[in-house]
Amino acid sequence: MNASPNSRRIWLHLKLGWVWLLLFATLGLVLEGLHGLKAGFYLDVGMETRRLMWTLAHTHGTLIGIVHLAFAVTLERIDRPGDALGVASHALVAAGVLLPIGFFLGGVVTYGGDPGLGVLLVPIGAVSLIVAAAIVVYALKPPRDQQ
Amino acid sequence: MKLGTVFMVLGVLVAFGSVLGFVTTTSEDLYLPRDKTAVPQSAFASSRTCRSCHPDQYASWYRTYHRTMTQVATPDAIHQAWDGVSLSREGRTYHLRREGNRFFVDMPRMATKGEALEDRVLLPVVQTTGSHHMQSYWMPAPWLDEPPETQGRDRFEKHCAACHGPGGLGLEDGERSLLAAGLGTNVVQFLGPDDETHLEILEELGSEDVARIVRYVERLQFPGRLTMFPFTWFIREQRWVFDGLTYLQPGPREHSVEPYGNNWDDKCDGCHATYADYRWDGDAQRGFSEAVELGIACEECHGPAARHVARLRNPLERYRRHLTANASEDDIVNPAKLSPKLASAICAQCHAELIDKDPGVEAFRPGDPIEPYAHVLRRYGEPPYPDWIQEALEDNQGLFRDSFWPDGTILIAGRDYNGLVESACFIRGKMSCLSCHSMHAAEPDDQLRPEARGNDACLSCHQELGTDLTAHTHHAPESSGSQCYNCHMPHTTWGLLGAMRAHRIDSPSVAVSASTGRPNACNLCHLDTSLGDASDWLTAWYGQPVVELTEEERDIAASILWLIKGNGLERAVLAWHMSWKPALEASGDTWQAAYLSQVLNDPYPAVRHAAGRSLRALPGFDDFAYDYTDASHICDAAAVSAKQRWLALFPSLGTRPSLLLVDGAIDWNLVAALQALRDNSRIEVDE
């Protein structure tokens, strides 16, 4: 792996992936615990928006963790340096923070059926994820000499 | 994928959708009131829309009996056994049938006994009203799709159109339209031998022509309308009851168009659905019920919401409001932020006895005062009356008698606003319906706020009384005699076969009881005491003037006098109180059965029902077989049987003069003498 030109990024995304999985799988366990304890601030009929936001934080955080791992594997397979992949890496890191945190904060304070202002982080995170995915798709295009 | 394949897939999807649509639209749906939110530019949004932004409020409203006041007739609304049930009344038999999730009634055609097959009709049940105490059922008028009677129409145009307008649609100003409220129903009642209004026409026409006109007008009026199944499911007692036996009046209330009950669009829809209407389509020659929603939904209290919804679809606008809490430019009303008077006016739309002005209460919108739309009915003393009262009295001479106790306190349950406006707490501007009730923060049973269930409701303002409650109540602080409600809001209104709390908040007064017959709270709890005893207490404790009473009033328990010689309402209220738990705790429970036995054959079904219910709550009578709907000779026998059982159960209760008990025996001669003086004046509580 040391031989790969992207080895530092690969390690970063492997670490982030597993840490994200640890964090957001734990959040899932906490949410299950809230169900078990019938926590009013999470389960009451008026808490529909909070429940939705925190569930989305858990799923997005967990999935982004898996995406980090997939990105690490992808970097290793591509096996060539490139600024674009650097941008994708940064975008993925940003998405990994903004999406789950935005959903989580959106559920901390709610306004009836509307989430709190933290949810504004979510579209920025979504755009970051799309940018990262687009760059990876482009990078996966075979070199001209192999076409 | 080839283009042909795409079209084939689309075709299959469309066909599947059509089949699904066909399957899920039943014929009953055609009879349901049209959805007012579905028309272009509708001012209404419906609770379905409110839910997405106000899930908490939606959920708390969803639990209420207001929501389920009227529902589509599905298994979610109808819980009791239906299929195979047969009901009978006055020689007519009704068979209930169920096919899957659809409910039907096989019943007699109008004005027949339904004995021959051609005299019977199978009608679908379209919607239900009530889900708490009683439930009624609505069916389309059976001739919904039949064309108007052409010969009858010709005769109508010749003889009736001059007053009622072409086609019965009224004159230019709508006056005398047969489709307008009040003139749009019960045409069968008119044009009969007692009809003085149409005397000249009746003399001019033969009976055949009259019959044709009646048939024409029936068809003109009823298409598109829903009529009530004449039996009611009594939820509290889990039994069917003939609808006419659920009111307080002498004998059963007969329906004007037997065997069909009330007409949804004339009287019921206004308070049992949200912004309901009836619209006549002259081109189609049929009418349509309309409503924003069945049941009482968000917009009934918060006002039409379409503009509010349209403006707040913009998330920026929503967050501006969330963050600035600026509701000043809102298109919708929050009753909690209104003055007590305006907040209470919202409830008054339905919970008041009103006489419409022009425009009527249908035009009322939350946030408005009620007065521009309707007069709040009050009992006036001697004439001359205001014009609107005079007109109302011409329509209904029993208006005062059937709506108010003689002291002006409303006697109809559920018309609580009429009581509230007579209360000092409201008049001083501090109190509203929302002081005690809430649609979102209360249990559905009575929508009482948790903090309003006990004395805190009153003590939040009358704090000085809370420091030493006994000094004010002269009862132990934890006893029912120290509960504010029990003395200041006694159960003196009547509805749904029960006594309910008066919402005229006042103090017990023997003077009022003696002069008007309205029972006071003291004697409704201390059933074994006389008006004289109560008067003595009120004079000693509160300095009330000594009341001049007859010897009878001074010596005999007031409850017995009201039960035995009072009018129908007094008898019903007292019969109900004879199983009221605080009253039994204060008065004992061994002697009441003797007197209840005397009203088991009362001419008022409501009195009989209350007596039977109370009797079964007393010791030794829990298994007593009695049905207040039985024929009079069976009720007579039950009265004798109950008396004998009481004599056997309690042979020696000692001597208690106020209860007419001497050496364990009741002075039945005196009871009979009191019974002979019974107030038989007619009273009909118009619930």
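Modeller: Domain bounds come from an automatic or database domain assignment. This is a predicted model, in which local features need pLDDT of at least 70 and side-chain atom pairs count only at pLDDT 80 or more, while totals for chains, interfaces and linings use all residues. Residues are numbered from 1 along each chain as its sequence is written, and chains are lettered from A and ligands numbered from 1 in the order in which they are written.

Colleague: What domains does the assignment give for chain B?

Modeller: Domain 1 (24–142 + 224–332), domain 2 (150–221), domain 3 (335–463) and domain 4 (507–676).

Colleague: How do you know how far apart domain 3 and domain 4 of chain B are?

Modeller: Their centres, taken over C-alpha atoms, are separated by 31 Å. The contact between them takes 5 residues from domain 3 of chain B and 5 from domain 4 of chain B. On the domain 3 side, 3 residues are nonpolar, 1 is polar and 1 is charged.

Colleague: What makes a pair of residues a contact?

Modeller: Their C-beta atoms, placed from the backbone, must lie within 7 Å. By that rule, 8 residues of chain B are in contact with 8 residues of chain A. On the chain B side, helices H3 (47–53), H4 (55–62) and H12 (315–324) each give two or more residues. H4(B) has the largest share, 3 residues. By class, the chain B side has 3 nonpolar, 3 polar and 2 charged residues. Nonpolar covers Ala, Val, Leu, Ile, Met, Phe, Trp, Tyr, Cys and Pro; charged covers Asp, Glu, Lys and Arg; the others, Gly among them, count as polar.

Colleague: Why is residues 40–43 of chain A called a helix?

Modeller: A helix is a DSSP run (H or I) of at least four residues, a strand (E) one of at least two, both numbered from the N terminus. Chain A has 5 helices and 2 strands, in the pattern α-α-α-α-β-β-α.

Colleague: What is the predictor's confidence in chain A?

Modeller: The mean pLDDT (confidence in each residue, from 0 to 100) is 91, and 92% of residues reach 70 or more.

Colleague: How many residues of chain A are buried?

Modeller: 34% of the 147 residues. Buried takes 20 or more other C-beta atoms within 10 Å of the residue's own; exposed takes 12 or fewer; partly exposed is in between.

Colleague: Why are strands E3 and E4 of chain B called paired?

Modeller: Pairing needs at least two bridges found by DSSP. E3 (residues 86–89) and E4 (residues 92–99) have 4, antiparallel, so they qualify. B:Arg89 stands opposite B:Arg92. Their hairpin has 2 residues between the strands, and B:Glu90 takes a positive phi near 50 degrees.

Colleague: What joins E4(B) to E5(B)?

Modeller: 5 bridges, with E5 (residues 102–108) running antiparallel to E4. B:Arg98 faces B:Phe103, and B:Leu96 stands opposite B:Val105. This hairpin also has 2 residues between its strands, and B:Gly100 in the turn has a positive phi of about 65 degrees.

Colleague: Which strands stand at the edges of the sheet, and why is one side of each left without a neighbour?

Modeller: The open, antiparallel sheet of chain B has the order E3-E4-E5-E6. E3 and E6 (120–124) are the edges; each has a single partner strand, so one side lacks a neighbour in the sheet. Neighbouring strands are turned by 20 degrees against each other on average, direction ignored.

Methods:
Contact = placed C-beta atoms within 7 Å. Axes fitted to C-alpha atoms, helices over the stretch in contact; angles between N-to-C directions.
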